[in-house]
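This report describes the helix packing, the nonpolar core and several individual residues of one protein model. Please consult the sequence and the structure shown here while reading.

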Amino acid sequence: MKIRVGLGFDSHEFEEGKPLVLGGVKIDSPFGLKGHSDGDVILHAITDAILGAIGSEDIGEIFSDTDQRWRSASSEIFLKEALKRAKEKGYRVVNVDCVFIADKPKIAPYKRAIRENLSRLLGVEVDAVSIKGKRREGFAREEGAVCMCTVLLEREDEG
Ligand code: MG
């Protein structure tokens with residue numbers, strides 16, 4: 001098959017005093033996201049979408065939260081492993097579309113930087129990366145952040 005689609009979802013609770021990293025970009029914030037790693041929900045959702053697209057184990061199976069190697073780890077490590085697995089199967093990323101859901105922080109001022117960083121990490125043009133910030137408006141509790149994303153992969157040898 002020439003193309004594959006993947007769906008990713010992640011959520012993390014807020015944690016006071018922890019650095020906040022979204023899409024690999026440091027965000028100015030008094031709180032971060034709780035988690036074994038840096039808690040980057042955007043990179044975790046994209047990583048799982050890529051792994052899902054190639055029929056791999058998911059992010060929690062590959063990077064156990066009881067494994068001390070991943071304690072406070074940069075989530076770029078997880079994304080790079082997913083991209084390596086995709087490449088081994090002959091796939092590259094076509095585009096990524098993400099919805100980031102949280103009442104805080106506002107990611108609008110950081111959207112361009114996040115898209116540019118994801119473009120670099122994924123090896124695609126900036127216009128192949130979308131991040132949409134949404135407020136909860138009655139959906140779930142305001143104690144964390146959620147990210148959902150889809151990714152499209154294509155076989156490198158079929159274009
Ligand atoms: Mg996560």
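Axes here are lines fitted to C-alpha atoms, for helices over the stretch in contact, and angles run from 0 to 180 degrees between N-to-C directions. Helices (H or I, at least four residues) and strands (E, at least two) are DSSP runs, numbered from the N terminus. The model is predicted, so local features need pLDDT of at least 70 and side-chain atom pairs count only at pLDDT 80 or more, while totals for chains, interfaces and linings use all residues. Residues are numbered from 1 along each chain as its sequence is written, and side-chain values use heavy atoms, with hydrogens and water left out.

The crossing of α1 past α3 is left-handed, a term used if the near helix is turned anticlockwise from the far one by less than a right angle, with right-handed used if clockwise. On the α1 side, Leu43, His44, Ile46, Thr47, Ile50 and Leu51 meet Glu76, Phe78, Leu79, Ala82, Leu83, Arg85 and Ala86 of α3, where contact means heavy atoms within 4.5 Å. By class, the residues of this contact are nine nonpolar, two polar and two charged. Ala, Val, Leu, Ile, Met, Phe, Trp, Tyr, Cys and Pro count as nonpolar, Asp, Glu, Lys and Arg as charged, and the others, Gly among them, as polar.

## Helix α4 and its partners

Helix α3 (residues 76-88) packs with helix α4 (residues 111-122) at an angle of about 40 degrees, and their axes are 10 Å apart. That angle makes α3 oblique to α4. From α3, Glu76, Leu79, Lys80 and Leu83 take part in the contact, and from α4, Asn117, Arg120, Leu121 and Leu122. The contact of α3 with α4 has four nonpolar, one polar and three charged residues.

Between α1 and α4 the packing angle is about 35 degrees, with the axes 13 Å apart. The crossing of α1 and α4 is right-handed. Ile42, Leu43, Ile46 and Ile50 of α1 make the contact with Leu118, Leu121 and Leu122 of α4. By class, the contact of α1 with α4 has seven nonpolar residues, no polar and no charged.

## The nonpolar core

In soluble globular proteins, nonpolar side chains tend to be buried together. A nonpolar core is a set of buried Ala, Val, Leu, Ile, Met, Phe, Trp, Tyr and Cys residues joined through side-chain atoms within 4.5 Å. The largest one in this model has 47 residues, of which Leu22, Ile42, Ile46, Ile50, Val93, Leu118 and Leu122 touch the most other members. Helix α1 (residues 41-53) gives the most to this core, with nine residues.

Which residues does Leu122 touch, not counting residues up to four places away in sequence? Leu122 touches Ile46, Ile50, Leu79, Leu83, Val93, Val96 and Val129.

## Residues in the loops

Lys104 and Pro105 are joined by a cis peptide bond, with omega about -10 degrees. Lys104 is in the loop between β5 and α4, and Pro105 also lies in the loop between β5 (91-101) and α4. Lys104 is partly exposed, at a relative accessible area of 39%; buried means under 20%, exposed over 50%, and partly exposed in between (1.4 Å probe, protein chains only). Apart from neighbours within four places in sequence, Lys104 is in contact with Phe14 and Phe31. Lys104 and Phe14 are 90 residues apart in sequence and 9.8 Å apart in space, C-alpha to C-alpha.

Pro19, in the loop between β1 and β2 (20-22), is partly exposed with a relative accessible area of 46%. Not counting residues up to four places away in sequence, Pro19 touches Lys26, Gly32 and Leu33. In the loop between β6 (129-134) and β7 (144-155) is Glu137, a residue other than glycine with a positive phi, near 45 degrees. Glu137 counts as exposed, at 64% relative accessibility.

How values were computed:
Angles under 35 degrees count as roughly parallel, over 145 as roughly antiparallel, 65 to 115 as roughly perpendicular and the rest as oblique.
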